[in-house]
Amino acid sequence: MLTTIAKLFRSTAPSGAIEALARQVTELSLEDVIERVSAQIDSMTLSEARGYVRARAAHVVQIQTRRALSQHVEASEDWASLIIPSATERLVPLVIRQTGVGLPRPEKLRMAA
């Protein structure tokens, strides 16, 4: 019983550390996620693209989170459950912005005219 309580207190992460690790994981994952999704999301709507990016980013974010946690002595593996969703939600708008989903494409406008 006491070990369980002690474990709960040990696994409590400072919010600043979680925030910093989520930012780090986001930065480390961005290029790989863009590379994975850029060819497929070009023809998707904004809503479809968001879901697709979230799904395809999952594996990359998990790997980068494990790497980031292994580099910080004070970090616990339990922190991953806080870092992964935060980093994924940060990635979605960054990937959407960099791939230009939802923006009018000049080539397509000329073809339609």
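Figure 1. Leaving aside neighbours within four places in sequence, I84 touches V61, Q62 and T65, where contact means heavy atoms within 4.5 Å. The model shown is predicted: local features need pLDDT of at least 70, side-chain atom pairs count only at pLDDT 80 or more, and totals for chains, interfaces and linings use all residues. Residues are numbered from 1 along each chain as its sequence is written, and side-chain values use heavy atoms, with hydrogens and water left out. I84 belongs to helix α4; helices (H or I, at least four residues) and strands (E, at least two) are DSSP runs, numbered from the N terminus. The C-alpha atoms of I84 and A58 are 8.0 Å apart in space, although these residues are 26 apart in sequence. I84 is partly exposed, because its relative accessible area is 23% (buried means under 20%, exposed over 50%, partly exposed in between, with a 1.4 Å probe and protein chains only).

**Figure 2. A68 in helix α3.** A68 lies in α3 and counts as buried because its relative accessibility is 2%. Beyond its neighbours within four places in sequence, A68 is in contact with L21, Q24 and V25. Between A68 and A80, twelve residues apart along the chain, the C-alpha separation is 9.6 Å.

**Figure 3. The bend in helix α2.** At S29, α2 bends by about 40°; the bend at a residue is the angle between axes fitted to the seven residues ending there and the seven starting there. The end C-alpha atoms of α2 are only 33 Å apart, whereas a straight helix of 27 residues would span 39 Å at 1.5 Å a residue. That expected span is 1.5 Å times one less than the number of residues. S29 is also one of the buried residues of α2, along with I18, L21, A22, V25, T26, L30, V33, I34, V37 and I41. The buried residues of this helix pack against α3 and α4.

**Figure 4. The largest nonpolar core.** A nonpolar core is a set of buried Ala, Val, Leu, Ile, Met, Phe, Trp, Tyr and Cys residues joined through side-chain atoms within 4.5 Å. The largest one here has 27 residues, of which V33, V53, L69, W79, I83, L91 and V95 touch the most other members. At least two core residues come from each of α2 (15-41), α3 (46-71) and α4 (80-99). With nine residues, α2 gives the most to this core. In soluble globular proteins, nonpolar side chains tend to be buried together. L69 is in contact with L21, A75, S76, E77, W79, A80 and I83, leaving aside its neighbours within four places in sequence.

**Figure 5. T99 and its polar contact.** T99 is part of helix α4. The side chain of T99 reaches the backbone oxygen of I96 at 3.3 Å. A polar contact is a pair of N or O atoms within 3.5 Å; within protein, one must be able to donate a hydrogen and the other to accept it, and residues adjacent in sequence count only if both atoms are side-chain atoms. T99 is buried, because its relative accessible area is 17%.

**Figure 6. The whole chain, for context.** The chain has five helices and zero strands. Buried residues make up 33% of its 113 residues. Of the contacts between residues at least 6 apart in sequence, 76% join residues at least 24 apart.
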